[in-house]
Amino acid sequence: MEGQLAHIGAGLAAIGSGAAAIGVGNVAGNYLSGALRNPSAAASQTATLFIGIAFAEALGIFSFLVALLLMFAV
Amino acid sequence: MEGQLAHIGAGLAAIGSGAAAIGVGNVAGNYLSGALRNPSAAASQTATLFIGIAFAEALGIFSFLVALLLMFAV
Amino acid sequence: MEGQLAHIGAGLAAIGSGAAAIGVGNVAGNYLSGALRNPSAAASQTATLFIGIAFAEALGIFSFLVALLLMFAV
Amino acid sequence: MEGQLAHIGAGLAAIGSGAAAIGVGNVAGNYLSGALRNPSAAASQTATLFIGIAFAEALGIFSFLVALLLMFAV
Amino acid sequence: MEGQLAHIGAGLAAIGSGAAAIGVGNVAGNYLSGALRNPSAAASQTATLFIGIAFAEALGIFSFLVALLLMFAV
């Protein structure tokens, strides 16, 4: 049995990165659902769409960062 | 018991890749649901569809990248 | 206790392949739901249906690829 | 403690096979929901139903294949 | 510590069998929801109900099969 336990941790962190995509999908999915029901108001909420995606994406990037740190820095 | 612990980590990271597909499915599913309710507005939201898919897909690709790094680079 | 740790990783990666099916199901399910409510618009969104399925399926294939690599290439 | 580690991996892969059933259920469930609301359009979407089921089922079969490979071929 | 690792795998595979029940429940639940809204159309979709249940159930049976193989054949 070779290797470091940190490599198992990196794999676990990558699950978090994938799980964050569910949140991003929720934000973008609900925006599309609403924008197609009321297209004239869609442009006014584009900024909110990107804010929502950014906050959810950031948490996935943090998980990815933890995976990278566990692989290369620890 | 042979092999490296990093190989378990690669398998865990691949779960994250699959979980991101749920997010992608949320985005595309809600777009289809809305576009079929209001087809005349569908074309105006195609850009948003691809932006949403791209952000969710990116997190899945990051997980896949962690799996590849754990298998071949670490 | 025989065998390689990579075989546990391959099993974990296969979970990701199954999880991606949830995303594919979301896309196809929402398309069917919308197409049956508004059948005249269904043909116009067939391309989007296959785009959505392709993006979600790709992440599941990546997981399956990780499983195959862990079993036969690593 | 006897046995091979690959047997744990086969069990994990079977989870993926079961998870794919959620996706298949989403496709068939939404079809039934729509077909019962608008029975006259149901026949026109039967092809899409089987396409959606096939793509989701494929990912579950891949997981089952990984389980079989881990039990008998690796 | 006695016992075989395959018994852990069989337990994990049984999780997949249970997860498939969520998919089967989705199919039957949506059928009932639609059939009670529009009882006169229910009979026309009985075939689709059984097709949907069969595809989702098959993935659960595969998981159960993996569990049986791990207990008695491997």
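Visitor: What makes Ser63(C) count as buried?

Guide: The label goes to residues under 20% relative accessible area, with exposed meaning over 50% and partly exposed in between, using a 1.4 Å probe and protein chains only. Ser63(C) has 0% relative accessibility, so it counts as buried. This is a predicted model, where local features need pLDDT of at least 70, side-chain atom pairs count only at pLDDT 80 or more, and totals for chains, interfaces and linings use all residues. Residues are numbered from 1 along each chain as written, chains are lettered from A and ligands numbered from 1 in the order written, and side-chain values use heavy atoms, leaving out hydrogens and water.

Visitor: Which residues does Ser63(C) touch, not counting those up to four places away in sequence?

Guide: Ala14(B), Ser17(B) and Gly18(B), plus Ala13(C), Gly16(C) and Ser17(C). Contact here means heavy atoms within 4.5 Å. Ser63(C) itself lies in helix α2 of chain C; helices are DSSP runs of H or I with at least four residues, strands are E runs of at least two, and both are numbered from the N terminus.

Visitor: How do you know that Ser17(D) is buried?

Guide: Its relative accessible area is 0%, so Ser17(D) is buried. Ser17(D) lies in helix α1 (residues 5–37) of chain D. Beyond four places in sequence, its contacts include Ser63(D) and Ser63(E).

Visitor: Why is α2(B) called roughly parallel to α2(C)?

Guide: These helices, residues 46–73 in each chain, pack at an angle of about 5°, with axes 10 Å apart. Axes are lines fitted to C-alpha atoms over the stretch in contact, and angles run from 0 to 180 degrees between N-to-C directions. Under 35 degrees is roughly parallel, over 145 roughly antiparallel, 65 to 115 roughly perpendicular, and the rest oblique. Therefore α2(B) is roughly parallel to α2(C). Among the residues making the contact are Glu57(B), Phe64(B), Phe55(C) and Phe62(C).

Visitor: How do you know that α1(B) is largely enclosed by the rest of the structure?

Guide: Of its 33 residues, 32 are buried, so α1(B) is largely enclosed.

Visitor: What about chain A and chain D: how far apart are their closest C-alpha atoms?

Guide: They lie 13 Å apart, and no contact joins the two chains. No contact joins chain A and chain E either, with closest C-alpha atoms 17 Å apart.
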